[in-house]
Amino acid sequence: MSLLGKAAVAMWWSVRPEQRAEFGDWHSHEHFPERMSIPGFRRGSRWSSTTDAEGFFVLYELEQYDVLTSKGYLDRLNAPTPWSTRMMPHHLGMVRSQCRIVASFGGGVAASIATIRLSPQAGRETALQAHLSETLGALAQKPRLTGAHLLLTDTPRASAPTTEQQIRGKDGAADWIVLLSGYDDDAVARAVADRLSPPALQPHGACDNPVIGHYRLAFTMTPQDVAAN
């Protein structure tokens with residue numbers, strides 16, 4: 001089983017300590033159920049950074065790429081609830097990437113995940129994608145690892161920023177994204193250091209300035225969880 005669908009929204013941001021308790025309540029009890037009620041949303045997961053006390057990673061898995069421009073999704077982005085309106089300014093340093101899933105191996109939801117934001121060297125996109133697909137396919141079969149995925153940012157054309165984006169301010173975006181998950185933090189970290197570090201990937205066409213993060217699962221939800229309530 002791979003990621004649930006053919007597209008995703010991958011996001012990174014920080015929340016200051018004094019806002020984290022309310023953020024957790026809002027995100028778990030209002031925002032996730034709202035998103036999982038949108039047609040085409042298959043699963044949401046929130047992860048807390050193990051290296052940055054304020055950092056989060058959130059992944060929404062989508063059935064198809066066109067969910068990103070669907071009326072159901074855009075209606076929610078342009079009509080945030082009062083609680084969402086109050087919480088959006090506390091999403092600091094938002095990086096939000098709307099992606100196509102181009103390679104996905106393994107699956108399920110394990111407790112540990114590494115995210116690698118990287119870019120290909122000019123003219124070496126095909127070689128790097130082939131190398132990453134081969135590497136991730138092998139890593140997903142290793143002991144204590146459970147999933148390995150490659151996402152490429154492909155931002156839909158939009159006429160204007162959504163209401164949520166206007167509240168937050170300007171969002172950044174990643175380029176290529178590698179996700180590696182497992183049920184052993186050390187195994188995930190070793191795999192990143194050995195196979196997905198800058199020295200390992202640069203000879204195959206990656207630029208030498210990736211952003212690597214390590215996270216632990218905080219919460220996950222599917223549409224079935226919403227329906228059960």
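Colleague: Which residues of H4 are buried?

Modeller: Good place to start! Keep in mind that this is a predicted model. An α-helix has 3.6 residues a turn, so residues three or four places apart point the same way. In H4, the buried residues are Leu128, His131, Leu132, Thr135, Leu136, Gly137 and Leu139.

Colleague: What do the buried residues of H4 pack against?

Modeller: They have several partners. Among the strands, they pack against S4 (92–106), S5 (112–118), S6 (145–153) and S7 (176–182). Helices H6 (185–195) and H7 (198–201) are also packed against them.

Colleague: Let's turn to the cores. How many residues has the largest nonpolar core?

Modeller: The general idea first: in soluble globular proteins, nonpolar side chains tend to be buried together. Here the largest nonpolar core has 24 residues, and Trp13, Phe41, Tyr60 and Leu62 have the most contacts inside it. At least two residues of this core come from each of strand S1 (7–14), helix H1 (20–36), strand S3 (55–62) and H2. Another core, of 23 residues, lies apart from it; Ala103, Ile116, Leu128 and Leu150 are among its members.

Colleague: Which residues does Leu62 touch?

Modeller: Leaving out residues up to four places away in sequence, Leu62 touches a list that includes Leu4, Val9, Phe41, Val67 and Leu68.

Colleague: How much space lies in the largest pocket?

Modeller: Rolling a probe the size of a water molecule over the atoms shows where empty space is left. In this model, the largest pocket holds about 440 Å³ of space. It is lined by 21 residues, and Arg96, Gln98, Pro156, Ala158 and Gln165 are the closest to its centre. The lining has eight nonpolar, nine polar and four charged residues. Helix H2 (71–77) and S4 each supply at least two of the lining residues.

Colleague: Is Ala158 buried or exposed?

Modeller: Ala158 is exposed, because its relative accessible area is 63%, and exposed means over 50%. You will find Ala158 in the loop between S6 and helix H5 (163–168).

Colleague: What is the phi of Arg144?

Modeller: Most residues other than glycine have a negative phi. Arg144 has a positive value, near 75°, and is not a glycine. Arg144 sits in the loop between H4 and S6, and is partly exposed, with a relative accessible area of 35%.

Notes. Residues numbered from 1 in each chain as written. Predicted model: local features only at pLDDT ≥ 70, side-chain atom pairs only at ≥ 80, totals over all residues. Heavy atoms only, no water. Buried < 20%, exposed > 50% of the residue type's maximum accessible area, 1.4 Å probe, protein only. Helix = DSSP H or I, 4+ residues; strand = E, 2+ residues; numbered from the N terminus. Contact = heavy atoms within 4.5 Å. 1 Å grid on protein atoms, 1.4 Å probe; cavity = no way out; pocket = protein on both sides within 12 Å on 5 of 7 lines; lining within 4 Å. Points joined across faces, edges and corners; volume = space filled by probe spheres on them. Nonpolar A, V, L, I, M, F, W, Y, C, P; charged D, E, K, R; others polar. Core = buried A, V, L, I, M, F, W, Y, C linked by side-chain atoms within 4.5 Å.
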